[in-house]
Amino acid sequence: MEKIYSRTKTIQEDKVSGFCPGCMHSTVVKLIGEALEEMNLVEKAVMVTGIGCCGLHMDYIAYDTITAPHGRATAVATGMKRTSPDSLIFTYQGDGDFASIGLGESISAANRGENITVIFINNGIYGMTGGQMAPTTLLGMKASTAPKGRIAEEHGYPMHMCEILNQLTAPAYLVRTSCNTPQNVIKTKNAIKKAFQNQLDGKGFSMVEIVTSCPTNWGLDPLAALDFIEQKMLPEFPLGVIRDR
Amino acid sequence: MARVLMKGCEAIAEAAVRAGCRFFAGYPITPQNEIPEYFSRRMPEVGGTFVQGESEVASVNMVYGAASAGTRSMTSSSSPGIALKSEGISYAAAARIPMVYANISRGGPGVGAIQPAQQDYFQATKASGNGGFEMMVLAPSTVQEAVDLTYKAFDYADRDHNPVLILADGVIGTMMEPVELPPMKSDEEVAAIKAAKAGWACIGHKLDYANRSWIQPGQWDTKKMQAENEKAAAMYASWEKDIQVEEYQVADAEVVIAAYGISGRIGKSVVDICRAAGKKVGLIRPITVHPFPYAAFDHIDYSVCKAVLDVEMSIPAQLVQDVRMAVKGRCPIETCLCSGGNIMSREAVLKAVDAILAK
Amino acid sequence: METNLCVAGFGGQGVMTLGKFLADATCNATDKNVTFFPSYGAEQRGGTANCFVVISDGMIGAPLGDVMDDLIVMNGPSLAKFLPTLKQGGRLFINSSIVDEKEVNRSDVKLIKAPVTEMALEMGNAKVLNVIMLGVYIGYTEVVPAEVVWQTIEHKLGSKPKLLPLNKQAFEKGLELGRSQK
C-alpha cells in the first residue's frame, strides 16, 4: 500500500511531548514541522521560543531553537534575522509572552517590518504557571488570578493582537486561524506556509495568530474545549485574513 | 600608528568595530548616546547592523539573538538602563553566549544623576542579573585603555562563551583624549570568526537530532542544571590568569590608594604629587574589577603601611568590600568618597592622604 | 608642566568647539598629553556650557582639576561661577564685550581682555567669537604653536571651505590681540 502520511521527521522519534492531552500546541508544532519539511526549510529553520508552555517542545523537535527571555522573542529574532538573513527565523509565543510582557517588543518588531514570522498561540490563559488571567482571557472567564472571572471594569477587555497590529503600516501578513476542526487545521498549516514564504520573499513581518484550547486550565475535557473555542473564543476572536500585502 | 583625539564613547565603539563587532543595538540614555550614534553611522560602512531598540530590554535581547547566530555583537547603556539589561545578560550568561556590553555609569540609584559616578560596582561585579553568574568586568581609566579593553573583550567573550562588561563612567565616556586605535579586522577575519561558531550558532542545521543547535538559558532537568553551573563555575575559576592590575609605587608606601577607573587615574596623579613632595604613597588600581586582583594587596609592606585609602565615586563605598577582603585586616582602611555625579577631587584625595600620614 | 584650562560661557557661544580645537591641535601636532572634558546638563539649549582642557608633558590624572591655571569666560555668570577656581597668578581671559571688568574681584590674577562679541559682529558673523578667543588665548599663552591650531581649524572646517577666510581673519585678529597684551 502506498504510504501517504507519516510523522514529520522534524519531531524526534524517541522523545515524548510535554504537552497535556488535548493541547493544541502539539497540533501546531506538527504543522510547523510539516510546513518546514514540505518547503524544504528544515536546514534553515530557527525557532525562537517564548517562556511558558510554548517552550515545552524544544526537547523533541529536530531543528535549531533558542529560548528567549519572557516576551522578548521578537527582539531576539530581530538580532538573528538581521545578522543571519539566510536563516528562516520564526518565533513561537503564547499570549502572555507575545501580548502581555512582550507587547513592546511585539509591536515594535511589527512596526519595523522585521522580516520574521511570528506563530502566536492564543488560548486565553497562562498555561504553564497554572491558569492565570491573560491579556486574551474572555470576559467572565475564570482564571486563578481572576476567581470571579474577567471583569471589564477591573481587568479591561481581551486584546486582539491581529487587529492591533493592523493599525501599523509595515506588517505584511496578519491572519487568525484555529485548530478546532480539520478544515481549520488545514487553513492553519497553509497560513504558516504562507508566512514562511513571505519571509523567503523578504516581505517583512508576518504573524499567524492561532486560537487554541487549554483543556487543563479551562477545566474542560478536550472535546468540550473544542466546543468552547467554537462558542466562546471565536466570536471574540473572529478567524480570517486581517492583512495580506 | 598616528594618535587621534577621540571621545571615550566613540573610541569604544570604533574599537568594537575594529574587533569585528558587526551588530549593535542600543537605546538612548545619557551619558552614552555617542556610542549608538557612532554605530549608526559606522555600521553601514563595514556591512554591519545597527538597530535602535524600543528599550534597553529589547536591545540587549537583540544582541542575545545576534550573538546566538554567531556574530560579534554589543550593546551599551548607562546605569538605570544597565539595570534593565540584566535580564538579557543573565540569559546570555546562562546560555553561554559571547557578547560585550558597556556601562558608561552615572549617578544612582534610580534615575540618579546624568553626571559621572561609580555607583554600579556591586551590580557590575557581583550580580548583573539573577542566578549568580559571573562575568569578566573591565574598568578602563583612560580612553586608550577603554579602546584596548573593548578590543580584547570580544576575544574573552568568544573564548569563554560568556558576556563581558566594560565598566566605564561618564568621565571616560564623554572626555576626549588621544588614542592609538588597534588594527581593523579584515572582512575575511570577521567572516572566519563567525564561521568558527557555525557549529553551535542558531542559524539552521542539517536534519540530525544530535547535532542541531539548541541554545538553552536553563535546563528542565535539575541534574543537568547543576552540571551547567558547575561547568560555568570552573570557567570562572580559570580567570585567575586574566587578572590585570596596575601597581604603582607600592613597595615602600605608607599609604596605598585603592581605586579603579577614573578614580584610579586621579589617584595615580596624587601619588606623583605626593612622591614629588617626598611622601611615600602608592596605588593599586584593579583593571579587571572582576576577577579582582586580591593578591596585589599582598605586595604592600604592612610594617610601614599606615592605611589603605579606598577612593571611589560611590556613597556608600562599594569597592571597599573587595579591598577589605584583600587587606585581610593587616592595616586600617580609610575611604575618600564622592557621589551624586560629583567627580573625585584630587585635592580631596591629597587631603585624605595627608590626614593618614599625619596620624 | 601641566596646564589646566576651563572655558565657560553661554550655550551657543562655541565654548566646546574652542576647547576641542585646542585639544585636537595638541593631539595632532605635539607629543603632549591632552584631555578635553565637557560639562553637560540635561538641557539641550540655554544655560551655561563649560569644558576643561588639560595639556601636560606627563600623565594626566584628573581631566578636570579643582584649581585652574587658565580661565576663559565668555559671559558674566561664568565669571562668577569659575573665578574662584582660578589659581593665584592664574590667567583670566574675558569676553570684555559682555563681561564687566569691574566684576573681576581678584587682583591676584592676570587679566586679559578681548571684546570678542563686538569683534565678531564687526567681521560680520557673530559666530566666530570663539575662534577669536582661541586666537587670543594662543597668542598670549603659546601653549601650542599658533600654526598648528590654525591647521586644525582649517582641517575641521574642511567641509565648509566658504567659512575659511572669515575664520582665518578671526583667528589672526585674536592672535594679535593676545600677543599685544603679553
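**Chain contacts, helix packing and strands in a predicted model**

Reader: How far apart are the nearest C-alpha atoms of chain A and chain C?

Author: Chain A and chain C do not touch, a contact being two residues whose C-beta atoms, placed from the backbone, lie within 7 Å. This is a predicted model, in which local features need pLDDT of at least 70 and side-chain atom pairs count only at pLDDT 80 or more, while totals for chains, interfaces and linings use all residues. Residues are numbered from 1 along each chain as its sequence is written, and chains are lettered from A and ligands numbered from 1 in the order in which they are written. The nearest C-alpha atoms of chains A and C are separated by 26 Å.

Reader: Which element gives the most to the side of chain C that touches chain B?

Author: The contact draws 19 residues from chain B and 17 residues from chain C. On the side of chain C, α1 (15-29) and β2 (33-39) each supply at least two residues; helices (H or I, at least four residues) and strands (E, at least two) are DSSP runs, numbered from the N terminus. With five residues, the element that gives the most is β2(C).

Reader: How are α10(B) and α12(B) oriented to each other?

Author: Helix α10 (residues 261-276) and helix α12 (residues 346-357) of chain B pack with their axes 10 Å apart, at an angle of about 55°. Axes are lines fitted to C-alpha atoms, for helices over the stretch in contact, and angles run from 0 to 180 degrees between N-to-C directions. Angles under 35 degrees count as roughly parallel, over 145 as roughly antiparallel, 65 to 115 as roughly perpendicular and the rest as oblique. The two helices, α10(B) and α12(B), are therefore oblique.

Reader: How many nonpolar residues does the contact of α10(B) with α12(B) have?

Author: From α10(B), Ile266(B), Gly267(B), Ser269(B), Val270(B), Ile273(B) and Cys274(B) meet Arg346(B), Val349(B), Leu350(B) and Val353(B) in α12(B). Ala, Val, Leu, Ile, Met, Phe, Trp, Tyr, Cys and Pro count as nonpolar, Asp, Glu, Lys and Arg as charged, and the others, Gly among them, as polar. The residues of this contact are one charged, two polar and, as nonpolar, seven.

Reader: How many charged residues are in the contact of α2(A) with α4(A)?

Author: Helix α2 (residues 73-83) and helix α4 (residues 103-112) of chain A pack at about 40°, with axes 7 Å apart, and are therefore oblique. Thr74(A), Ala75(A) and Thr78(A) of α2(A) meet Glu105(A), Ser106(A) and Ala109(A) of α4(A). By class there are three polar, two nonpolar and, as charged, one.

Reader: What is the average twist from one strand to the next in the sheet of β10-β12-β11-β14-β15 (chain B)?

Author: This open sheet of five strands has mixed pairing, two strands being paired if DSSP finds at least two bridges between them. Each of β10 (245-248) and β15 (333-337) of chain B has a single partner strand, so one side of each is left without a neighbour in the sheet. From one strand to the next, the twist averages 20°.

Reader: Which residue in β8(A) is the bridge partner of Phe120(A)?

Author: Strand β7 (residues 173-178) of chain A pairs with β8(A) in the parallel sense over six bridges, and Leu174(A) stands opposite Met207(A). Strand β4 (residues 117-122) of chain A also pairs with β8(A) in the parallel sense over six bridges. The bridge partner of Phe120(A) is Glu209(A).
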